[in-house]
Each structure stands twice: as C-alpha cells, then as structure tokens.
Amino acid sequence: MDEQEDGPDIDALPFAAPARRLEPTAPLCWLRAGLEDMRRAPVLSLGYGAVMALLSALIALLSWRFGALGLYLGLATGFLFVGPVLALGLYSFSCQIEAGRRPVPGYCLREGGRHLKDLLIFSTVLLVIFLIWARAATMVHVFFPVQGDYSLRDLAGFLAIGSAVGAVFAAVVFTASAFSLPMIMDRRVDAITAVITSANAVLRNKAALLVWALIIFFCVLLGFATALFGFVFLLPLLGHATWHAYRDTIDASAWPAHEPLAGMPAADHQ
C-alpha cells in the first residue's frame, strides 16, 4: 500500500527504461556470474532447479498422457502460476547475494507474492502466445506429405514451414521476457513497461541477445537430452545469469526500488 501511495509520477517516467550497448560476448559474463551465485547458494539453487525440472516433467507427462489437452493444462498450471514465481525466486537469490546477504527461500517466495498482479498479467500474455503457438503447430501439419511412402525431400517443406513458424513465436516470447521479470522484481514498474523495456533492449543489442538466445536453446536441448535431469543444474544457472543480464543491460534507475519486506535476511559478513 505504501508503495502505491508514495509511488512515482507515471507521467514523469520514460516510456521504457534505456538499454546499454552490449558486446556480443556479454552472455558469457552473465553465465560466469550465474555460476558464482550457484556456488554461493548451491542448496537453494539446485533445490529450485529440482522443482522446475519436476514441473517440466509434469508438463511432458500430461502432454504424453492426454495429448493437446494435457499440454494446455500443463502450460496453464506451470507457466501461469508456478513458473514465474520460481523464476522470481532465483532473481531474488541473486539480488540478495549481490547485496551481500544470505538468500532465504521464504523471503523470495514472499517477494513473488508481492508482484502477483504483474506476474499474472505477464504470464497470461505468455500463455496466450503459447496456446496460439500450439494451435499454429497443429495447423502446420497440413503440409505433411499425405502419401504413405515419403522421403526426406518430401518432408523439406513441412520442416521448413514448421521451423519458421516456431522461430517467429520463439522470437516474440524471448523478446518480451528477456528482461521483464527481473525488472518487475527489482523496480516499481508495471508489466507493460517491463515488456516494452525488454523488447527495446533486445532490438538494440541483437548480436549479444542472439548469442544469449542460442545459449538458452542449447541448454534446453541438453536438458531434454539428459531426460530432464540436466535442468536441475541448467535452469537455476540460466535464472541467476538472467538477473545479471538484466543488471548489465537495463538502466532502471528512473523507477524507485521496492521497499524491503519485513524479515529481510541479514547481511552475510563471512
């Protein structure tokens, strides 16, 4: 309530937070910083990774068991309610470590609850995009060869169109979400401004963000190649690295920071 009463004058704020120019190798620095955060809080990070891996396994199981209906249920429960809160927890861990504090999971979850309204707005938009993406994927099957005996050449058109459609949706999701959730957690900003800021930052740093997108893509492939077990390590690594990507890229100083919640963990002087 205090944040709303003492909030900034919306008309005086920029349309979006400015983005710094990045070198193409910047994502490698983000990964190193993410690894350092995991070293500082290994149990919490890997615990979060295990929960997120189980969530991924649940979505995969629902899709296998119930087809499209299971996929939609998994997306709705995972992406709409659980995923963003877990992601904010990882950003909160990195934020607390950056401030010299010992991260506490209960505090992180309470921070996620504070941003519930903006999380729901952001997650609902993502969910709609994913559902449209799933529907588009089923429509692409009209290009699948109808004859029973077909060659790889016959599949070329189907694979090319399917890949192009998937790339478009993936680019939209990545552009909207690259920096928006860390900004929502860090500053008193609405979800729309955070998404616009993220899109602006991606467009201004295409080379660096292309490298970052490829890193995420290969981490996801590695996670599936290890029967989802790799996600226990890879998902928290990417989560911590995303926080550092936001801090390195976005200048959100025009928006006031959130007031600490009661029970803020004490500084770690060790």
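Mentor: We begin with contacts: two residues are in contact when heavy atoms lie within 4.5 Å. Please bear in mind that this is a predicted model.

Trainee: Which residues does Ser 94 touch, leaving aside those up to four places away in sequence?

Mentor: With such residues left out, Ser 94 touches Asp 37, His 240, Trp 243 and His 244. Ser 94 itself belongs to helix 4, which spans residues 68-98.

Trainee: Is Ser 94 buried or exposed?

Mentor: A residue counts as buried when its relative accessible area is under 20%. The value for Ser 94 is 0%, so Ser 94 is buried.

Trainee: How is a pair of aromatic rings described?

Mentor: The distance of the centres and the angle of the planes describe such a pair.

Trainee: How many aromatic pairs does a search of the whole structure find?

Mentor: The search finds five aromatic pairs. One of them joins Tyr 48 and Phe 93, with ring centres 5.1 Å apart and planes at 65 degrees. Planes over 60 degrees apart count as edge-to-face, and this pair is therefore edge-to-face. The pair links distant parts of the chain: Tyr 48 lies in helix 3 (residues 42-66) and Phe 93 in helix 4, 45 residues apart.

Trainee: Are Tyr 48 and Phe 93 buried or exposed?

Mentor: Tyr 48 has a relative accessibility of 9% and counts as buried. Phe 93, with a relative accessible area of 0%, is buried.

Trainee: What is the geometry of the pair formed by Phe 217 and Phe 218?

Mentor: Their ring centres are 5.5 Å apart and their planes stand at 70 degrees, so this pair is edge-to-face. Phe 217 is partly exposed at 45% relative accessible area, whereas Phe 218 is exposed at 51%.

Trainee: At what angle do helix 10 and helix 11 pack?

Mentor: Helix 10 (residues 206-225) and helix 11 (residues 231-249) pack at about 160 degrees, with axes 9 Å apart. Angles over 145 degrees count as roughly antiparallel, so helix 10 is roughly antiparallel to helix 11. The crossing of these two helices is left-handed.

Trainee: Which residues make the contact?

Mentor: Helix 10 contributes Trp 212, Ile 216, Cys 219, Val 220, Leu 222, Gly 223 and Phe 224. From helix 11 come Phe 231, Leu 234, Leu 238, Ala 241 and Thr 242. By class, the contact of helix 10 with helix 11 has ten nonpolar residues, two polar residues and no charged residues.

Methods. Residues are numbered from 1 along each chain as its sequence is written. This is a predicted model: local features need pLDDT of at least 70, side-chain atom pairs count only at pLDDT 80 or more; totals for chains, interfaces and linings use all residues. Side-chain values use heavy atoms; hydrogens and water are left out. Helices (H or I, at least four residues) and strands (E, at least two) are DSSP runs, numbered from the N terminus. Buried means under 20% relative accessible area, exposed over 50%, partly exposed in between (1.4 Å probe, protein chains only). Rings of Phe, Tyr and Trp (its six-membered ring) pair if their centres lie within 6.5 Å; planes under 30 degrees apart count as stacked, over 60 as edge-to-face and the rest as tilted. Axes are lines fitted to C-alpha atoms, for helices over the stretch in contact, and angles run from 0 to 180 degrees between N-to-C directions. Angles under 35 degrees count as roughly parallel, over 145 as roughly antiparallel, 65 to 115 as roughly perpendicular and the rest as oblique. A crossing is left-handed if the near helix is turned anticlockwise from the far one by less than a right angle, and right-handed if clockwise. Ala, Val, Leu, Ile, Met, Phe, Trp, Tyr, Cys and Pro count as nonpolar, Asp, Glu, Lys and Arg as charged, and the others, Gly among them, as polar.
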